[in-house]
Amino acid sequence: MEELRKLEEVERMLELMQSKSVVSTSNAHSDRFLASLVLLLINPCGNLDIAEKYTLITEHVPKISVSFLEEASFLFNPTLSGCGETSGGHVVSSLSNKISKNKLESGNFEDMAVVSLDSMQRANSTLEDFCRSYFMFHKMDINSLQAIFKFLPVLSFTESYIYQMDSLNEKIVNLSTNRDGVVERENEMWEGNEIWIKKCMYMLKTDPFRPLVAQLECHGLLTERILEELGFGEEYWSLERKLCTALIRRKEISIEDVMRAISLKSFDYRILNLLMYQLRGEKVNELHMGFLSISEFLVEVSDDLFDYEDDVIENNFNILRMFVGIYGPSTAPIMLAKRIAEAEEKYDILLKTLDPQLSLNYQKRCQEATKEGGKITGHPFGTWNIPPVIVNEELHRMSCLNSNSIMDTSR
């Protein structure tokens with residue numbers, strides 16, 4: 001009945017538009033589309049009146065390009081594009097190689113995944129660590145240049161794209177807390193690219209991985225599992241914005257959000273690992289993924305402890321910062337040590353499930369990474385060193401900024 005009612009409304013609108021010579025009868029499909037559009041415009045929408053709606057249409061319709069409509073069709077019209085919901089709730093467009101080829105030929109690079117040289121350089125250390133730590137789980141020799149370069153383009157592009165979005169996310173946090181300019185580390189990336197940055201920031205809050213998803217799909221590398229991890233990455237960035245903004249504004253944060261964020265933080269490593277399985281045509285080893293998940297948690301905590309002061313100054317997500325915000329400066333180290341001990345116990349249990357030689361090789365790699373990082377931490381190769389807690393973060397930031405200003409003046 002509802003469909004019949006809508007059909008009758010369209011027919012009545014067509015008659016009205018024809019009587020006013022708004023449409024002709026030369027193209028029935030075009031006339032029906034315009035009738036449906038007018039019906040949409042006259043439907044109530046908040047407190048907007050007809051004149052305001054007309055103004056909005058005349059202002060914004062010229063900005064809607066054909067490429068935008070094509071993209072919207074693939075993202076939001078499952079019937080036409082074959083899109084579906086993933087288990088993580090993210091819409092996946094079924095972009096074909098033909099469509100991507102047409103976009104390239106027409107010179108439409110607006111929605112392509114693009115990475116900066118800065119992002120590629122910053123991603124290098126992660127890529128090196130991934131190859132040295134994870135290749136062994138794929139029975140690959142890290143000393144084989146042929147093996148590394150065979151998969152490096154996909155791994156490097158993916159990690160660089162993630163690094164780029166991560167940098168933008170940090171920028172958004174500083175902008176939202178009126179701290180733009182406090183972190184000067186990446187100024188070169190922003191200068192002269194304001195339009196591009198605004199576009200990326202909008203995409204970061206709405207659909208940050210859309211260009212990357214399209215690239216992976218076109219190369220036959222996209223899987224439901226990778227999509228799920230990309231969704232977790234988006235969730236992590238959202239939590240990072242929420243928690244860092246709340247902390248600097250001295251608002252309450254929850255331990256559930258903090259633990260969820262730290263568990264998601266290594267999503268890029270898991271995506272790279274899943275890509276390795278796909279690139280090699282191998283089935284995902286769930287035993288290895290489970291073990292590495294616990295190891296990644298301990299590594300993230302270790303990195304956060306090592307970077308604690310820098311993260312306070314730059315207002316980055318850091319588990320110790322968050323624990324101080326929740327439990328206070330005296331209790332926070334105790335509560336964090338408890339979480340570390342629980343993770344270490346799980347790590348020891350899962351380590352024993354690995355092949356003995358793989359277990360030995362991974363422990364050796366962890367020892368190397370700990371020494372290379374200059375850390376006195378990281379189970380099971382040393383003692384955990386929780387740094388002195390910064391009680392007043394804002395005062396500490398001001399002190400550091402003043403010190404830097406004095407040093408700059410004296411040069």
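Modeller: Happy to; we can start with the whole protein and then look at some details. Keep in mind that this is a predicted model.

Colleague: Let's switch to S266. Where is S266 found?

Modeller: S266 is in the loop between α13, residues 255-264, and α14, residues 267-279.

Colleague: Is S266 buried or exposed?

Modeller: S266 is buried: its relative accessible area is 4%, and the cut-off for buried is under 20%.

Colleague: Which residues is S266 in contact with, leaving aside its neighbours within four places in sequence?

Modeller: Those are E296 and E300.

Colleague: You mentioned α14. How do the axes of α7 and α14 cross?

Modeller: Helix α7 covers residues 117-134, and its axis comes within 11 Å of the α14 axis, crossing at roughly 55 degrees. The two helices are therefore oblique to each other. Their crossing is right-handed.

Colleague: Nice. Which residues make the contact?

Modeller: From α7 there are T126, L127, D129, F130 and Y134, while α14 brings in D268, Y269, L272, N273 and M276.

Colleague: How do the residues of that contact divide into nonpolar, polar and charged?

Modeller: In the contact of α7 with α14, 6 are nonpolar, 2 are polar and 2 are charged.

Methods: Residues numbered from 1 in each chain as written. Predicted model: local features only at pLDDT ≥ 70, side-chain atom pairs only at ≥ 80, totals over all residues. Heavy atoms only, no water. Helix = DSSP H or I, 4+ residues; strand = E, 2+ residues; numbered from the N terminus. Buried < 20%, exposed > 50% of the residue type's maximum accessible area, 1.4 Å probe, protein only. Contact = heavy atoms within 4.5 Å. Axes fitted to C-alpha atoms, helices over the stretch in contact; angles between N-to-C directions. Parallel < 35°, antiparallel > 145°, perpendicular 65-115°, else oblique. Left-handed = near helix turned anticlockwise from the far one by under 90°. Nonpolar A, V, L, I, M, F, W, Y, C, P; charged D, E, K, R; others polar.
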